[in-house]
Amino acid sequence: MPGFVQYLYIISAGLFILSLKWMNHPDTSRRGVFAGEIGMLVAITGAFLAFDVHNWVWIIAAFFIGTAVGIPIAYIMPMTAVPQRTALSHACGALAAALVGTAEFYQRQANAATELHGFIMVALMIETLLGFLTFTGSLMAMGKLQEVLPQRPITYRNQNAVNFILFAIALGLAVRLILVPTDTFLFPFFVALSLLFGVLLIIPIGGADMPTVIAILNSYAGLSACAMGFALNNQLLVVAGALDGSSGLILSIIMCKAMNRSFTNVLFGAFGQIQTSSAKQEQRTVRSASPEEAASILESASSVIIVPGYGLAVAQAQHKIRELYDNLMKRGVDVKFAIHPVAGRMPGHMNVLLAEADIPYDRLVEMDEINGEFPQTDVALVIGANDVTNPKARTDKGSPIYGMPILDVDKARTVMVIKRSMNPGFAGIDNDLYYLDKTLMLFGDAKGFTSELLKELPARAAA
Ligand code: NAP
């Protein structure tokens, strides 16, 4: 049986790797999800065969409770809430790893000399430290994204020093436990410090950075599972945990690069605290236009670049955008979509949204590629995007988003922006794009305004 289980584990690890590879492209992403699901089923079957299950009742009960909670969450939660849902999953996964580590630590006390030797204790300490801090950290991140907790960074004097000292104490306790595993009275303090550290790590980070933080916590949860694999001598957990840990890390690096921010700036920079002066902004005026006016501009354009952002996801306007795309293409207008790597609330958010409406994938053009096209484009139509189009990122050294690569929308001949108000985007700063002479603000909900626009377009065609 152990040999057979090893084969199952190899198949499962292979499926996890293929799953990650296939999820890299929209054409193969469904296959990727399916491969991951089958991989997990094979892994669970292998684990049941490998271990002596003492009590099936607990396992079956957990299966039904998990299914009863998981399925409704998948349907109820809107796609815009995926980051907080992901944070909740990490919290649960990390807590599971930490509790397994805790149970192993106490269970093996009877044979501590042989079963809690140095290597196992190092693995158990890493597992529990990362597991518990990821648990509270992920819950905090979820609270901030859901706006149950204040989004702004909470800072105080010597905050980093306090965090560092607490972390050093937790590490000191871990070292002591590795050397003397029978000092069980220290373990609850170690757990409490790990839980506290997770909270303290997140409070100085602003809500705008939570998606990146969630990717980092994803990485910690993976590393915790990887350490659990070493503690339980389970190779599949080592592989799956390492895949999870490294993919979370790569994702957070991609996000940091796309925002031109460093890891340390995200974790310790208290981004989102800086308030820009609004005195100057209040005197500036913007030009707005009606759906009729916007339709006539689109009608006379020969090239249009649509810039989707978070607001498009909120309004669920993707199907209306598809209709607009079809309408304009039929008129001979060349329509493309400009995709910023951090538009929306998670990487690939816009790709998924537009794919949902069957917008041809070859019409979606990445930022670096499309930026050169804006100066030759008649109309840039920004729909619910804000920060990713803000020229301040290029020009204003004092701006918190200075240096973030943006879509060069302001270089198009005419700019039209659909949004509901002059409210800022995720980073909480005013957008200079809206005050340009070439910019027309189309105030309204993305879906509602696009519907109005569509009503005008056929009417004009008939005329
Ligand atoms: P954004 O800057 O958050 O702006 C979204 C805009 O959509 C808002 O200004 C809002 O204005 C508008 N809006 C909201 N609901 C709307 C509706 N129903 N109809 C029309 N407009 C609506 O979005 P973004 O340009 O996509 O930028 C993403 C931000 O998230 C960036 O700051 C980025 O750094 C951050 N972020 C993203 C990721 C990621 O992985 N994607 C990760 C980390 C951080 P109104 O309220 O006036 O309508």
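Mentor: C92 has a relative accessible area of 48% and is therefore partly exposed, a class that lies between buried, under 20%, and exposed, over 50%, with a 1.4 Å probe and protein chains only. C256, at 4% relative accessibility, counts as buried. The structure holds zero disulfides, a disulfide being a pair of cysteine sulfur atoms within 2.5 Å. This is a predicted model, in which local features need pLDDT of at least 70 and side-chain atom pairs count only at pLDDT 80 or more, while totals for chains, interfaces and linings use all residues. Residues are numbered from 1 along each chain as its sequence is written, and side-chain values use heavy atoms, with hydrogens and water left out.

Now to the ligand site. There are 31 residues around the ligand, and N386, D387, R420, S421 and D445 come nearest, where a residue is near if one of its heavy atoms lies within 4 Å of the molecule. By class, this shell divides into 16 nonpolar, ten polar and five charged residues; Asp, Glu, Lys and Arg count as charged, Ala, Val, Leu, Ile, Met, Phe, Trp, Tyr, Cys and Pro as nonpolar, and the others, Gly among them, as polar. Domain 1 (77–268) and domain 2 (291–456) each give at least three residues to the shell, with domain bounds taken from an automatic or database assignment. Among the helices, α9 (210–232) and α14 (310–315) each supply at least two shell residues, and α14 gives the most, with four; helices are DSSP runs of H or I, at least four residues long, numbered from the N terminus.

A polar side-chain atom of D445 lies 2.8 Å from a nitrogen atom of the ligand, a backbone N or O atom of A343 is 3.3 Å from a ligand nitrogen atom, and a polar backbone atom of G311 is 3.4 Å from a ligand oxygen atom. On its own the ligand has 910 Å² of accessible area, and the protein covers 96% of it, as computed by the Shrake-Rupley method with a 1.4 Å probe.

S451 and E323 are 128 residues apart in sequence, yet their C-alpha atoms are 9.0 Å apart in space.

Notes: Polar contact = N/O pair within 3.5 Å; in protein donor to acceptor, adjacent residues only side chain to side chain.
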